[in-house]
Amino acid sequence: MKLRLFEFYFIKDYLRPWFGLIYSLFFLFFLGAIGYRITEGWEWSDCLWMVLITITTIGFGEVQPLSPEGRIVTVLVIVGGLIFIQFTFQKAVRLFESGYFQRVNELRFKRLLRKMENHVILCGYGRVGQEISNQIKTQNIPIIVVESDEDRKKIAEEKGLEVLCADATLDETLKLAGLEKCKSLVVTLPNDAANLYVVLSAKGIRSSIRVIARAGTEEAASKLRLAGASIVVSPYIAAGRAMASMALRPIAIDFLDLLAGSECEIEEFELSNDISLFETAEKRSLSELGIGKKSGAKILAIKENEKLFTNPGGNFILQPGQVLIAFGSKEQLNILNGLLGNLVVAVELLK
């Protein structure tokens, strides 16, 4: 229903300037039919058909031989049709020159943005941004690209992405992109100062927003963390570590590559900070919950404060604020989520 309503408004915006011409066409159509009805005495269906083939210049033969009065009506219909075509052409030229259709497209895009939720906002569509968008699209998650460069905007649109051509550092732009309803914000502008400004603006609008930011240097990375970025990534440092890992641990890297192409995933399950939920829970250890037996998923590690407990045993007790890192198929992870129940407040995909 929402899609149909959206399409209705979209079509109405395009047709609004043509309403006068449409009314004129119907007036000409039925006036001609009345003329044939009076002069020739035909059935209404024959009258309407005669007007249609005359206006459209199809060239079919006359419905019935015309009287002199009927030919006068035909001439008037032809003249009226030519005048209508001329006015239609002039109207179209004026609309194109005034940029009307561009404004309608912008209005359509703004309506689309208002309806989006749980999407990812990507600020910057450079080489890093393009790779990020490709990965996000594989998960069928809606994405909005914010890019001020026209060339990069065209590249993103050619790949089927919705692009907001604006300055990402402005609060108005982030609000228009749906910051208050989005899943996360990814900032990959080429300038560290611009990235810092976007993070500050985003946190000022919505303090709980998850922000992943790009940093060119360690100094910029520390400032982005201070500004409130949830995760800071340096492409150069990440590439160096990846290449070093390939040289030192090639088998592990091959496993990660295989994981990326499989149906298995790694997800983070963030547990609630509400102590009362854990006090009333009947089962709190991994063995009591039967995570391995019932779901088939594997708990790789549990993060508690700044500590990381790898390969936890069945006697491990779940505590408020912990983050469970689990491995398994989508079905297994969904079962795990059900076993944890209301203890879980957020789930993040790490694949």
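Modeller: Lysine 153 and glutamate 157 sit four residues apart, about one turn, in helix α7 (residues 150-158); helices are DSSP runs of H or I, at least four residues, numbered from the N terminus. This is a predicted model: local features need pLDDT of at least 70, side-chain atom pairs count only at pLDDT 80 or more, and totals for chains, interfaces and linings use all residues. Residues are numbered from 1 along each chain as its sequence is written, and side-chain values use heavy atoms, leaving out hydrogens and water.

Colleague: What is the N to O distance between lysine 153 and glutamate 157?

Modeller: Side chains of opposite charge can pair when their charged atoms come close. A salt bridge needs a side-chain nitrogen of Lys or Arg within 4 Å of a carboxyl oxygen of Asp or Glu. Lysine 153 and glutamate 157 form one, and their N to O distance is 2.7 Å.

Colleague: Is lysine 153 buried or exposed?

Modeller: Buried means under 20% relative accessible area, exposed over 50%, and partly exposed in between (1.4 Å probe, protein chains only). Glutamate 157, at 38%, is partly exposed. Because lysine 153 has a relative accessible area of 16%, lysine 153 counts as buried.

Colleague: Which residue forms a salt bridge with lysine 330?

Modeller: The closest N and O atoms of this pair are 3.9 Å apart, and the partner is glutamate 265. Lysine 330 lies in helix α16 and its partner in strand β7 (a DSSP run of E, at least two residues), so the pair ties together parts 65 residues apart in sequence.
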